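Subject: Structure for your files

Hello,

The structure is pasted below for you to open alongside this message. My notes on what was found in it follow.

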Amino acid sequence: MDIAELKGELERLHSASFGWALSCCRRDHAEAEEVLQTVYLKILEGKALYRGESSLKTWLFAVIRKTAIGEYRKRLLRNLVFIGSSEKCDDPATSADAPPVIFERSEIQKQFRVALAKLPPRQREALHLVFYEDLSLREAADVMGISIGSARQHYERGKKHLREWLNETETDYGIGLGRKETQSAV
Amino acid sequence: MESGWEEKKLKALFSELKATDEQTAPRFAGVWNRAQIAPRRIRAFNPAFVAATALLVFGLVFLAVWSRYSQRTPQEPMVVIVPTAPVPTNATAPSPSNEINVKPVTPRKILAVSRANKLAARRHAMLVAANRKLTKDANTIANWQSPTTALLTSPSDEIFSSLPQFNQSTTQLKSFLPTRSN
């Protein structure tokens with residue numbers, strides 16, 4: 001695959017890649033953009049080479065995940081070195097609101113983001129890849145670099161946590177979250 | 001049934017999240033162009049490269065300094081002590097020729113010499129100090145005077161120092177006789 005062709009494919013997958021980078025960077029927009037830029041740089045320099053062993057999307061997502069982990073470690077090290085500096089802390093709840101809010105978000109959506117941020121990383125990744133990116137569990141396992149059994153376990157546990165969150169939200173806000181509509185539809 | 005509803009709800013929530021993210025996502029061209037420019041910047045300020053270069057330069061400088069001093073130290077003895085005469089043990093004051101000649105040594109050289117040379121220098125310095133002390137003690141003993149010397153002198157010292165001789169005349173001898181008051 002030559003660079004022009006690869007560029008076209010990357011452009012097609014750009015928004016999905018950014019969504020995945022956001023998930024890997026705990027919803028930090030600036031960090032996600034930096035990670036995506038680093039990924040493109042790696043591709044341009046030939047450090048990340050697509051050999052066609054899996055689908056391009058799976059390969060790209062794996063590269064994004066690894067890069068995000070690397071960047072996170074670097075940032076952690078920088079924070080340790082320059083401890084006491086006025087760098088912002090990575091609070092998942094606040095970092096979700098870090099970029100300028102352009103769109104009016106519903107309270108449920110906000111709470112959902114917080115609930116997602118509270119999930120263990122593997123569970124969050126599994127849920128994101130399946131629900132957000134429409135990948136199969138096998139593809140999600142490939143991206144995460146784990147076996148399909150482990151991926152399924154993370155997926156089920158994550159779903160269980162979110163289910164509990166949904167039940168709590170229902171109780172707290174006294175809303176059905178569309179249960180009636182769904183039941184009537186069934 | 002319940003599980004299916006929850007999955008649909010989760011799917012809906014993720015879809016909403018995706019729609020929001022798509023609208024806030026940066027343009028592909030912008031990110032791609034920045035990535036194309038980035039390599040030059042990264043190569044210019046690669047901290048690992050800078051650290052490695054600094055370490056190499058430091059190592060070379062250290063080696064150069066070390067080798068220079070390690071070659072110089074055996075050729076240059078640090079201290080040269082030449083005693084020109086034995087240390088005086090009699091009570092006479094030492095003459096200027098009896099003083100020990102010590103070649104002055106700069107502190108810089110002392111720092112540079114090897115450990116063996118340092119030990120030798122220390123021994124020599126101790127010897128010089130001991131010799132100096134000995135000389136000083138000898139001088140002090142030679143110049144010593146008893147504090148009671150003044151008490152031993154009297155006005156009749158002159159008489160005792162000039163006793164009558166056998167070949168002197170009687171008139172002269174009379175002067176030694178005690179005068180009688182009559």
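In this predicted model, 29 residues of chain A are in contact with 27 residues of chain B (contact: C-beta atoms, placed from the backbone, within 7 Å). On the chain A side, two or more residues each come from α2, α3, α6, α7, α9 and α10 (179-185) of chain A; helices are DSSP runs of H or I, at least four residues, and strands runs of E, at least two, numbered from the N terminus. The largest share, eight residues, belongs to α3(A). By class, this side has 16 nonpolar, eight polar and five charged residues (nonpolar: Ala, Val, Leu, Ile, Met, Phe, Trp, Tyr, Cys and Pro; charged: Asp, Glu, Lys and Arg; polar: the others, Gly among them).

The largest nonpolar core has 42 residues. Such a core is a set of buried Ala, Val, Leu, Ile, Met, Phe, Trp, Tyr and Cys residues joined through C-beta atoms within 7 Å, buried meaning 20 or more other C-beta atoms within 10 Å of the residue's own. Elements giving it two or more residues include α4 (56-81) of chain A and α1 (2-24) of chain B; α3(A) gives the largest share, seven. A:Ala21, among the residues with the most contacts inside the core, touches A:Ala32, A:Val35, A:Leu36, A:Ile64 and A:Ala68, leaving aside residues up to four places away in sequence.

The model scores ipTM 0.73 and pTM 0.52. Chain B has a mean pLDDT of 74 (the predictor's confidence in each residue, from 0 to 100). Its lowest mean, 52, is in strand β1 (residues 81-82) of chain B. Where pLDDT is low, the coordinates should not be read in detail.

Residues are numbered from 1 along each chain as its sequence is written, and chains are lettered from A and ligands numbered from 1 in the order written. Local features need pLDDT of at least 70 and side-chain atom pairs count only at pLDDT 80 or more, while totals for chains, interfaces and linings use all residues.

Regards

Notes: A residue is buried if 20 or more other C-beta atoms lie within 10 Å of its own, exposed if 12 or fewer, and partly exposed in between; C-beta atoms are placed from the backbone. Two residues are in contact if their C-beta atoms, placed from the backbone, lie within 7 Å.
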